[in-house]
Structure formats: structure tokens, C-alpha cells
Amino acid sequence: MGTAGPTTAQALQFADAYPPEDLVLQTARRLAEEVGLPCVSPGSGAALRLLAAAGNARSLVEIGTGTGVSGVWLLRGMRPDGVLTTIDVENEHQRVARRIFQEAGFAPSRTRIITGRALDVLPRLTDRGYDLVFVDADPTEYAACVAAAGRLLRPGGVLAVNNALAGGRIGDPAARDPETVLIREVVRDLRDADDWVPALLPTGAGLLTAVRR
């Protein structure tokens, strides 16, 4: 029997790069890098695909379309008749994502692409109408997006929040910059809430996940 030891940075990097990405995802990632847009790591993408597949998800909300990296991962985990509603303020990014979704083989009916500020769009979506909500947007809006997810998710639905490790600063008590403080509060509030079952996954930039009771 092997001896368990602490997980090394090298092991975490291996795990995060473990899921292979095809040409479509590589292209979407390259286009994001060209415009300086961060996107989920392969490990985080695979975790999102797993969450969508495990829940047999049919209806998803993504806050932060980007160039379609996370959207492709989510769509590949959903049911074949599932619909991804994805929201972003940048129409140009969504134009790229629309092409990426098409190149990945998804019919236009599989996505509902909405241009606008998430906090303006979310109130128009159906209460308890969604199986998964993925938040990958401005950290200053995380708390409001999590609150909206509590309304949008059916019981047993899943919330996932990207960048939950705040650039590695989440566990540093000396890190008191506004973004880290806001993310730390969201992580703490979900941990302490009675109506969520949370877990913080150390993949990519950190993926805060929780199931709605």
C-alpha cells in the first residue's frame, strides 16, 4: 500500500492538463488568449462537463460566454436535447463563440446567446427552471449571481463558480484586496448556508461547486 503525501504543484498541474482538448477547444482557447480573455482550464472544463453529465442536465445558464471554451465543455456534458443559455456583455466575443459552437457540431437550437449585463438578464429567466448555473464573470457580481442561481436552480441543481481561489490568494489572511475579499465572502457564505451542499475544487483557477437543496 502506497504512502499518502501532500499533493504537489506538479501533480495538480498534471491533473489539470489531464483532459485532452480537440482542435475546436484549442482554437477557442487561442482566440481567447489573443484578446486577453481568461477562460477555464482543461481540468475545470472537464469538471463542468462531468457536472452537466452527472445531472443529466437539460437546461443550463452560463454567465460569461467568452469565446466558447466553457460553453463547449458544458454542451458536451448535457443531454442531446439540452439548451445552454449563455450571457455576456461583449457581443464580439459571442460572435466568436457562436462560430465555435457550430464548429463543435452543435445546432443553433442548442444555444440561446444573450448579449447584456448578467444582473439585468438573470431576473428575466425562469425560477427553478435550470439544472446548472455556471458563473465566470466579474467577481464583484459573484454574490449577486449566486443569489440569482438560488432562484433559478431546481432542487438538486448545481452551481459552479470559476476563479474561486482568487489567484491563489484565497487562503492568505494578509490578502485583503477587494476582489479577494469578495470571493472569500462568497466561498464562506456558501459553506455556511443551509440550502447548499458545497465543495471547493482546486482545479484551474478554482471551481466552487454546490448543489441546491
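Visitor: How many residues apart are Arg99 and Glu103 in helix H5, and what does that amount to in helical turns?
Guide: They are 4 residues apart in H5 (residues 91-103), which means that about one helical turn separates Arg99 and Glu103. Helices here are DSSP runs of H or I with at least four residues, numbered from the N terminus. This is a predicted model, in which local features need pLDDT of at least 70, side-chain atom pairs count only at pLDDT 80 or more, and totals for chains, interfaces and linings use all residues. Residues are numbered from 1 along each chain as its sequence is written, and side-chain values use heavy atoms, without hydrogens and water.

Visitor: What does Arg99 form with Glu103?
Guide: A salt bridge, with the closest N and O atoms 2.9 Å apart; the term requires a side-chain nitrogen of Lys or Arg within 4 Å of a carboxyl oxygen of Asp or Glu.

Visitor: And how many salt bridges does the structure hold?
Guide: There are 16 in the structure.

Visitor: Changing topic: how do the axes of H2 and H4 cross?
Guide: The axes of H2 (residues 23-34) and H4 cross at roughly 155° and come within 9 Å. H2 is therefore roughly antiparallel to H4, a label for angles over 145 degrees. Axes are lines fitted to C-alpha atoms over the stretch in contact, with angles from 0 to 180 degrees between N-to-C directions.

Visitor: Which residues meet there?
Guide: From H2, Val24, Leu25, Ala28 and Arg29 meet Val69, Val72, Trp73 and Arg76 of H4, contact being heavy atoms within 4.5 Å.

Visitor: How do the residues of that contact divide by class?
Guide: The contact of H2 with H4 has 6 nonpolar, no polar and 2 charged residues. Ala, Val, Leu, Ile, Met, Phe, Trp, Tyr, Cys and Pro count as nonpolar, Asp, Glu, Lys and Arg as charged, and the others as polar.

Technical notes. Helices (H or I, at least four residues) and strands (E, at least two) are DSSP runs, numbered from the N terminus. Angles under 35 degrees count as roughly parallel, over 145 as roughly antiparallel, 65 to 115 as roughly perpendicular and the rest as oblique.
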